[in-house]
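Let's take a friendly walk through this structure, one topic at a time. Please keep the 3D view open as you read.

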Amino acid sequence: MDYKNLIDDFTKKGFCDCDIVQEIVWESEDYCGLNESYKKKLLKCITKEAEDGNAEMCNKLGAMYAEGKIVKENKEKAFEWYKKGADLGDGLASSNLGFCYMYAIGTDKNDEEAFKAFSKGALLGYTDSIIRLGDMYLFGTYVSEDKKTALKLYLDAYYYSKDELPEWGSMQAYSDVCRRLGDCYYYGYGVKKNNLEAIRYYTEALYYYEKRMVIGDYYASEGLNKTKKRLKEASGEYFGTSDDGSLVEKTITVNDIADEIERIVLASEKRIVISPMEFIANVCRDKFGLDDLKSSNIECTSNDIFFDVYDILIEKSRDKSTPFSMRLVPEKEERWGMPYVFDYIFKKKG
């Protein structure tokens with residue numbers, strides 16, 4: 001398609017064909033290599049559409065002022081056009097407006113208005129707005145910190161953007177939300193820590209960040225670097241590293257399991273009441289990604305991993321030099337004959 005001739009034809013006639021203008025605008029960030037004369041004509045068409053109430057063109061004009069493309073960079077005008085586009089119901093404009101309020105771009109910083117703008121964008125189905133709402137709940141920005149709500153929003157954005165793949169805009173949102181979901185599982189935000197799930201989401205994020213880089217989306221570079229770093233950390237914890245630096249399947253020892261239980265107990269402000277069997281199974285699953293206590297990945301001295309770990313925990317509790325304590329819940333002392341069926345109290349000594 002000869003975009004130059006089309007623009008020339010429409011501007012000579014004194015009107016713009018909205019569909020063609022939008023195709024030119026979204027086709028390429030360099031505006032199809034247009035020279036200065038044609039860029040001015042394109043700007044005239046976009047401005048006319050925006051002034052006539054085209055919400056998408058309001059957002060595009062805002063982006064042009066924000067990035068200094070075709071026009072001189074002007075953050076205040078960018079904010080004004082984003083706001084008009086958001087008021088007219090454009091989800092992307094609402095998201096960009098939220099960024100303006102959050103980072104004081106062309107206006108004063110206002111977390112409340114940012115929350116409102118992202119909420120509006122989310123209701124309009126724009127996934128980046130859903131992601132930013134998740135960020136606000138995760139870090140307690142304007143709203144009370146709520147990591148479970150953050151996780152739910154990230155999952156919503158994940159499924160919405162996945163359904164739209166491989167469109168460029170969805171690739172952008174999908175890679176960003178996969179990285180955040182990886183963080184949730186790696187750090188235990190709103191969900192139990194699970195390195196295998198973290199690795200799965202980080203790997204997805206990495207794939208689409210790299211695809212974005214290939215097509216020239218250099219805004220992906222920061223997310224790409226963060227994902228590489230965290231994927232390496234999560235993979236190293238789960239797999240381990242060989243002498244040449246490559247990842248290898250990690251063998252877990254019963255001491256590793258006991259040490260992780262001790263770490264969890266000492267990090268808790270409250271006592272933990274649970275059966276040792278359940279505690280050990282939970283740690284194997286959530287920390288080491290093992291659902292089977294008979295897994296060949298666990299190294300032990302006897303045929304029963306549970307009793308090996310249990311014996312180590314008893315020794316830790318008896319050791320006066322350690323702050324770790326475990327003891328039977330008193331009212332259950334007379335029930336049954338095997339220790340693993342009882343609930344124990346795990347806590348710091350003192």
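Bear in mind that the model is a predicted one. The partner of arginine 132 is aspartate 128: the two form a salt bridge in which the closest N and O atoms are 3.6 Å apart. Aspartate 128 is also buried, at 13% relative accessibility.

## Salt bridges elsewhere

How many salt bridges does a search of the whole structure find? The answer is 21. One of them joins the side chains of glutamate 145 and lysine 147, with an N to O distance of 2.6 Å. Glutamate 145 is exposed, at 53% relative accessibility, while lysine 147 is partly exposed, at 24%.

Glutamate 73 and lysine 75 form another salt bridge, and here the closest N and O atoms lie 3.6 Å apart. Glutamate 73 is partly exposed, with 48% relative accessibility. Lysine 75 falls into the partly exposed class too, at 30%.

## A nonpolar patch on the surface

Which residues form a nonpolar patch on the surface? They are Trp168, Val214 and Ile215, and together they have about 350 Å² of accessible area.

Valine 214 belongs to helix H11, which covers residues 195–214. Is valine 214 buried or exposed? Its relative accessible area is 73%, so valine 214 counts as exposed.

## The second largest pocket

A probe the size of a water molecule, rolled over the atoms, shows where empty space is left. The second largest pocket holds about 260 Å³ of space. Two elements give two or more residues each to its lining: helix H13 (254–267) and helix H14 (276–286). H14 provides the largest share of that lining, with 4 residues.

The residues lining the second largest pocket include Val191, Lys192 and Lys193, and also Glu260, Arg263 and Ile264. Phe279, Asn282, Val283, Asp286 and Lys287 are among the lining residues as well. Sorted by class, the lining of this pocket has 6 charged, 4 nonpolar and 1 polar residues.

## Pairs set apart in sequence

Tyrosine 189 is located in the loop between helix H10 (168–187) and H11. With a relative accessible area of 23%, tyrosine 189 is partly exposed. How far apart are tyrosine 189 and threonine 149 in sequence and in space? They are 40 residues apart along the chain, and their C-alpha atoms are 10.0 Å apart.

A second pair involves glutamate 49, which lies in helix H3, residues 36–51. Glutamate 49 is a buried residue, at 12% relative accessibility. Between glutamate 49 and leucine 61 there are 12 residues of sequence separation, and 9.7 Å from C-alpha to C-alpha.

## Two loop residues with positive phi

Most residues other than glycine have a negative phi. Against that background, alanine 104 is worth a look: although not a glycine, alanine 104 has a positive phi of about 55 degrees. Where is alanine 104 found? This residue lies in the loop between helix H6 (91–103) and helix H7 (111–123). Alanine 104 is partly exposed, at 40% relative accessibility.

Tyrosine 142 is another residue other than glycine with a positive phi, here near 70 degrees. Tyrosine 142 sits in the loop between H8 and helix H9 (147–164). At 45% relative accessibility, tyrosine 142 is classed as partly exposed.

Notes:
Residues are numbered from 1 along each chain as its sequence is written. This is a predicted model: local features need pLDDT of at least 70, side-chain atom pairs count only at pLDDT 80 or more; totals for chains, interfaces and linings use all residues. Side-chain values use heavy atoms; hydrogens and water are left out. A salt bridge is a side-chain nitrogen of Lys or Arg within 4 Å of a carboxyl oxygen of Asp or Glu. Buried means under 20% relative accessible area, exposed over 50%, partly exposed in between (1.4 Å probe, protein chains only). Patches are made of residues with over 30% relative accessible area and no salt bridge: like charges are joined within 9 Å, nonpolar side chains (Val, Leu, Ile, Met, Phe, Trp, Tyr) within 5 Å. Accessible areas come from the Shrake-Rupley method with a 1.4 Å probe; for residues, only the protein chains shown count as cover. On a 1 Å grid over the protein atoms alone, a cavity is a set of points where a 1.4 Å probe fits but cannot get out, and a pocket is an open set with protein on both sides within 12 Å along at least five of seven lines; lining residues have an atom within 4 Å of a point. Grid points are joined across faces, edges and corners, and a volume is the space filled by probe spheres set on the points. Ala, Val, Leu, Ile, Met, Phe, Trp, Tyr, Cys and Pro count as nonpolar, Asp, Glu, Lys and Arg as charged, and the others, Gly among them, as polar.
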